[in-house]
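Hi,

Here is the structure I promised to pass on.

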Amino acid sequence: MSVDTRLADSSSSEHLLTQTLLDIRNVHKAFGATKALNGANFELRRGEIHALAGENGAGKSTLMKVIDGIHQPDSGDIFVKSNKVTIQGAIQAQRLGIGFVHQEIALCPDVSVAENINMAWINQSKKWFINYRQLREKAQQALAELAPEIDVNQAVKTLSISQQQLVEIAKALILDCDILILDEPTAALTDAESQVLFVIMKKLRDRGIGIIYISHRMAEVFEHCDRITVLRDGSHISTQEVANTSAEQVVRNMVGRELGDLYPNKCELPIEQQEVLLSVKALSNNKQFFDINFSLHRGEILGVAGLMGAGRSEMVKGICALQPITQGQLTLSNGQHVSFKSYRDSIEQGIVYLSEDRKENGVFLDLSIAKNVSALAVEQITTNIGTIDNQKELQQAQRLTDQLTLKSGGMSQPVSSLSGGNQQKVAIAKMLSVTPSVIIMDEPTRGIDVGAKVEIHRLIRNLANEGVGVIVISSELPEVIGLCDRVLVMHEGHNQGILHANELTEERILQLASGIKKEQLSA
Amino acid sequence: MANSDTNTAPLNVQPTAASGSIFKRFIKMREANLIVIILALFIVMSFASPYFLTWANMKAMMLSFSTEGIVVVGMTVLIIVGGIDLSVGAVMCLAMVIAGKLFLMGMNPWLASLISIGCSGLLGLAMGLCVTKIRLHTFIVSLAMMGIARGLAMTITQGTPLSLFTLPPEFKFIGQGTVMGVPFVIVIFFIIVIISDYLLRHHAALRKVYYTGSNEAAAQYSGINIDKIKVGAIILCTTFAGLAGIIYMSKFGAATPNFGVGLELNIIAAAVIGGASLKGGEGSVLGAILGIALLSVVSSSLILLDVSPYWQDLIKGLILLVAVSIDQILHDKQK
C-alpha cells in the first residue's frame, strides 16, 4: 500500500516539476550610467526552492524589484505561467500570485497579527466594513501550518523576530501566491529558528509553491535548495542543480575569481599561556546573564555562541557598561580591578564594542567617513583651544581606513553611499581610533557579502595578531568555528563551557547551546 | 593552507560626486542657494522700489531680525540635536517680564537681567530633564512650557505692560544705542552669530550635537552622553531666548506680557529654510540666519510693493513649503 501511494506521489510531483511558474528572459535595467541588470535570466519551476546568489550589487534586489513591479525593466520579457506580463506594481504582482517577504520585516507592530496578515487582502477588498471574525479565521487558517502557537489577536510587537517572519510569510500566502520570494529570511534568526523555517519551506514546496530563496549563507543554500542561479554584475552567470555543484564553485561564480581560503589561519601560540587582557568574574545582571566567568588573552579571538535570547549581546554589553550589571568583577592586564560607570569609562580603559546593528547604531549614515571615525574620541583631534582640527581628523580617518583597505571616494564621502562591507570597515576604524586592547564585535559580518566577509575575517585576525584581544559574537556556526580560537557557549544566560579550537564542531556547539553541559557532551 | 594575500577580496565602491572644485562645493551648500536667492531678490527689488536699497531700509531690515536671530541660533542647535522648542516666544517674554519686575522692585537692571536670563536657563533645564528622564518628546514638553511661561508672565504683570522708562541710559544703550551709526543690537547679533557658527562647525563638544542628532543610538554606542547633549541644547535655546527678551526690554523700555506670541513659528521656519532638518543631524547657524534674513527681506519687499499685509503670512507659508520641498527632492535624488 505504501509503495502505491509513493509511486503516485512521485509521478504527480514529477508532473508538477515540469511547469515553469516564472520565466525572466534577458532583462536589462539601468539607473543612469549604472547597469543594474544586464541580461538577467531566471526560471522558477513549480515545487522547487531556487536559490538566487550574488554579491551585493550583483543585481539580486533589482531583479526582485522587477518581479515585484517596483521597477520596470528597460528591455526583456517576463512570463508568469507562460503568459507574458508587465508588472506595474505590488498589487498587480500579488494578483499574479507573487508573494514577497522582504529582508526587513515590514509589519505594523501595534496592530494585531490577524490584521497584519490580512493587510494586503483588506486593501484589495472592495468592502466598506471589515468583518473581524472573518479576518481572524483567515489568519488562523494561514498560520495553522506555519505557527499554530501564535495567537492572531496578539499585537505583532509582542512576537519574537522569528515569529514575525512567519507572520510575513503567512501574509504572502494568504493571497494564494504560488511564487514566494524570501529575501535573506534567516538573517535575523538563530540556527534553531532557521531550521523551523526550512521545514516550513519544504512543506510549501511540496504544496507546489515555487520559492525564490536569497541568502548569503552558502551552507543553507546547499542544504535546503534544489537549484541555484548566480548573478554577477547584473548578468546571469549560471543555473545549476545544487547536487551538481559545490560551494566553492558557486562562490567562484559570484566573485568571478578565486577567493583563497575562506578563513584565515588560527593563532599558533598556546592561547592560554598568553597574557590575560581581560578577566571577567561572576558577571551577572540577574535577568539575562548569570555568573559569567572567562578570561581573554592577548592575540586571541574568543567566540561567543548561543541561541537567540541566550544573553550573548547583553553579557558583552554588561562588560563595557552599555548595560547595567548587578554583580561582577573585571580585571585588566595590569591586574587593576575596574568597574565602569559608563561606556565612556570602558573606552578609556581600551575596551570597545562594535554593535550588531550597523545601520541602527553602528554608523552615522548621513555623516562623512572622517566624522564617523572620530566619533569615539573627538577630543583626540582637537587643538589646544578645544576646536576640531580638520586636518588631523582627515589624516586620522585616512590612516585607519587605509589600514583596513577601505575603498572610498575620499574621507568626506557620506557613509550611506558605501557598501555594507565598507560601512563595517568604517565602524571598525572608529573602534581603532582609540587603540583599544579589547574589541568586542557583535555579529561583525551580518548582512555582508561573501567577498567582504572574507576580508573582515582577515582583518579581525590581523588585529589579533597585533596583540588585541577580540571577542566575536556570531550566530553563524561556520564563522564561529572557522574564525575563533576558543568559543564560549551560552545557554539561557549561563556559560555552558568554553570549547578549544580542536574541539569545535557544529554539533558540540549546538549541544552546549541547547543546554547540555560540557561534561555530558558526546565525543 | 597558505594565506593568499595576493587575492584581495572585492569591494563595492559606489561612485559619488566627491568633493570636486571649490565652486562645485559652494553650489551644493544650502547657504549658497540662500545667498543667491537673497541677492536675486535684492536686484529685483532695487528696480521695483527706489526705497529698497537705502541705508534706512537696510538698517530696518537688519534690526527686524537681529534680536529674533539670536533665538534662531539656539533653536538651530536644538533642531540639529533632533529636538524642537515651541516655548521660545513665551520664555523670551517671561525673561523680559521678570527682569522688568525686579527692576521696578528696585534691583539693579544688570543684575535683574542676569537673574532673568538664568531663570530662562533653568526653564530649559526643567524641560531637558522631562525629555531625558521621563522620556517625553521636546514638542510636548515645550508646548506645555509655552503655556507655563506665558501664564507666569501674565500672572506677574497681572496682564498689563510694565513701563520701564526709568531704565538707566547705559542699559537702554543695548537696545537703542548705535556704534558708528550701526545699531548696537546688530553688533551684538553679528558677534553672537559669528562665534556660534564657528563653534558649531569646529568645537568638539558641539560636534557631539551632530552625532546625537544624526543617530542617537550610534552616538550612545560611541560613548557620547546623549542626555547631557540634549539637556545642554535645550538650555542653550532657552538662554538665548532669555537674552533676546532682555534686548527687547531695553529696546522698548517696557515689558509686555503678550509679547512674542507666535514668534516660535517664525524662528523654526527660519532654521528649517536655512537647512536644519527636523529629523536631526543637519543644519548650520549661517544657514538659519540666512533663512531669517530671507523672510525679513520678503516681508520688507511686500510692504514696499504695497502688498496687503494679509498676504504676508500666506507668502511666508509658501516659501517654507517650497524650501523644504526642494530639500526633500534633492535628498531623494542623492539616494
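**Around A:Asn285**

A:Asn285 touches A:Gln323, A:Pro324, A:Ile325 and A:Thr326, leaving aside residues up to four places away in sequence (contact means heavy atoms within 4.5 Å). Before going on, note that this is a predicted model, where local features need pLDDT of at least 70, side-chain atom pairs count only at pLDDT 80 or more, and totals for chains, interfaces and linings use all residues. Residues are numbered from 1 along each chain as its sequence is written, chains are lettered from A and ligands numbered from 1 in the order in which they are written, and side-chain values use heavy atoms, with hydrogens and water left out.

You'll find A:Asn285 in the loop between β11 (276-284) and β12 (292-297) of chain A (helices, H or I of at least four residues, and strands, E of at least two, are DSSP runs numbered from the N terminus). A:Asn285 has a relative accessible area of 11%, so it counts as buried (buried is under 20%, exposed over 50%, partly exposed in between, with a 1.4 Å probe and protein chains only). A polar atom of its side chain lies 2.9 Å from the backbone nitrogen of A:Lys287.

**A sheet in chain A**

Chain A also has an open sheet of six strands in the order β6-β7-β8-β3-β9-β10, with mixed pairing (two strands pair if DSSP finds at least two bridges between them). Which strands stand at the edges? They are β6 (98-101) and β10 (235-241); each has a single partner strand, so one side of each is left without a neighbour in the sheet. Further in, β7 (residues 179-183) and β8 (residues 210-214) run parallel and are joined by five bridges. A:Leu182 has A:Tyr213 as its bridge partner in β8(A).

**Salt bridges**

Over all chains there are 25 salt bridges (a side-chain nitrogen of Lys or Arg within 4 Å of a carboxyl oxygen of Asp or Glu). One of them joins A:Asp74 and A:Lys29, at 3.9 Å from N to O. These two are 45 residues apart: A:Asp74 is in the loop between α2 (60-67) and β4 (75-80), and A:Lys29 is in strand β1 (residues 20-31). A:Lys29 is buried, at 13% relative accessibility.

In chain B, B:Asp197 and B:Arg201 meet at 2.9 Å, N to O. They are about one helical turn apart, because four residues separate them in helix α8 (residues 184-202). B:Asp197 is buried at 15%, while B:Arg201 is partly exposed at 36%.

Conventions:
Polar contact = N/O pair within 3.5 Å; in protein donor to acceptor, adjacent residues only side chain to side chain.
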